[in-house]
Amino acid sequence: MADKSQTRIGRAERALLNSFAVLVIALMLCIALQVFANFFDINPLLSFENRVFWFGAAVSLNSLLDLQWHILAVIALLPAGLVLLRDRHVRVDFLYDRYPLRGRSALDLAGNLIFAAPFLVMAIPGSVRFWERAWRSDEGSASGGLNDLWLIKLVLPLGLSLLAVAVLWESVRLIRGLLRR
């Protein structure tokens with residue numbers, strides 16, 4: 001039974017990571033389209049008769065630029081917790097590799113408790129307020145970019161919350177491992 005659930009989890013994880021890979025390709029296409037349109041001085045690229053969710057009245061060079069930042073935010077923030085749980089995050093390996101397994105676990109736990117937890121405890125409430133202000137004011141781009149900025153600002157508390165869950169999960173795993181050894 002555990003093998004089937006692990007297989008499903010592995011497939012779901014792979015599908016999720018593949019969706020982020022598709023977003024990287026979309027980001028590259030947005031950049032190429034913006035460079036092309038800018039070179040040929042095409043602006044707006046597409047106009048709409050009625051307002052379209054997120055784009056407003058047109059797809060312009062500014063909305064393409066905003067879209068690039070939005071895609072980058074999604075790519076960077078949402079998979080951060082999964083990256084941490086899969087031990088694929090950045091660390092100073094030339095120092096870390098010198099420690100025995102118990103020392104590495106203690107160092108990881110200390111990093112979670114000293115750096116990650118306080119940061120997340122402060123950042124998550126602030127990011128929620130940041131999103132709420134955008135939601136209440138129906139914030140949009142002042143320079144002809146994307147509208148409904150609350151949508152992308154929601155990615156910040158969501159991504160940080162997913163990371164907090166991963167840090168908590170990993171810290172519990174590390175504590176249990178250190179107590180068993």
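Predicted model: local features only at pLDDT ≥ 70, side-chain atom pairs only at ≥ 80, totals over all residues.
View 1. Asp138 belongs to the loop between α5 (101–137) and α6 (150–153), and its phi is positive, at about 50°, although the residue is not a glycine. Most residues other than glycine have a negative phi.

**View 2. Trp54 in the loop between β1 and β2 (56–59).** Trp54 is another residue other than glycine with a positive phi, the value here being near 80°.

**View 3. The cis peptide bond between Asn43 and Pro44.** The bond that joins Asn43 to Pro44 is cis, with an omega of about 0°, and Pro44 itself is placed in the loop between α1 (2–39) and β1 (46–52). Most peptide bonds are trans.

**View 4. Helix α2, residues 61–77.** With 17 residues at 1.5 Å a residue, α2 should span 24 Å, and the distance between its end C-alpha atoms, 24 Å, agrees with that expectation. Which residues of α2 are buried? They are Leu61, Ser63, Leu64, Asp66, Leu67, Gln68, His70, Ile71, Val74 and Ile75. As background to reading such a list, an α-helix has 3.6 residues a turn, so residues three or four places apart point the same way.

**View 5. Ala26 and Ile71, a pair separated by 45 residues in sequence.** The C-alpha atoms of Ala26 and Ile71 lie 8.0 Å apart in space. Ala26 is part of helix α1 and, with a relative accessibility of 25%, counts as partly exposed, whereas Ile71 is among the buried residues of α2.

**View 6. Ala166 and Gly81, a pair separated by 85 residues in sequence.** Between the C-alpha atoms of Ala166 and Gly81 the distance in space is 5.0 Å. Ala166 is located in helix α7, and because its relative accessibility is 2%, it counts as buried, the cut-off for that class being under 20%.

**View 7. A patch of positive charge on the surface.** The residues that gather in this patch are Arg102, Arg176, Arg180 and Arg181. Arg180, one of these residues, has its place in helix α7, which runs over residues 155–180, and its relative accessibility of 63% is the reason why Arg180 counts as exposed.

How values were computed: Residues numbered from 1 in each chain as written. Heavy atoms only, no water. Helix = DSSP H or I, 4+ residues; strand = E, 2+ residues; numbered from the N terminus. Expected span 1.5 Å × (residues − 1). Buried < 20%, exposed > 50% of the residue type's maximum accessible area, 1.4 Å probe, protein only. Patch = residues over 30% accessible without salt bridge, like charges linked within 9 Å, V, L, I, M, F, W, Y side chains within 5 Å. Areas by Shrake-Rupley, 256 points an atom, 1.4 Å probe, with all protein chains shown as cover. Salt bridge = Lys/Arg side-chain N within 4 Å of Asp/Glu carboxyl O. Lys, Arg positive; Asp, Glu negative; His and termini not counted. Charge placed at Lys NZ, Arg CZ, Asp CG, Glu CD.
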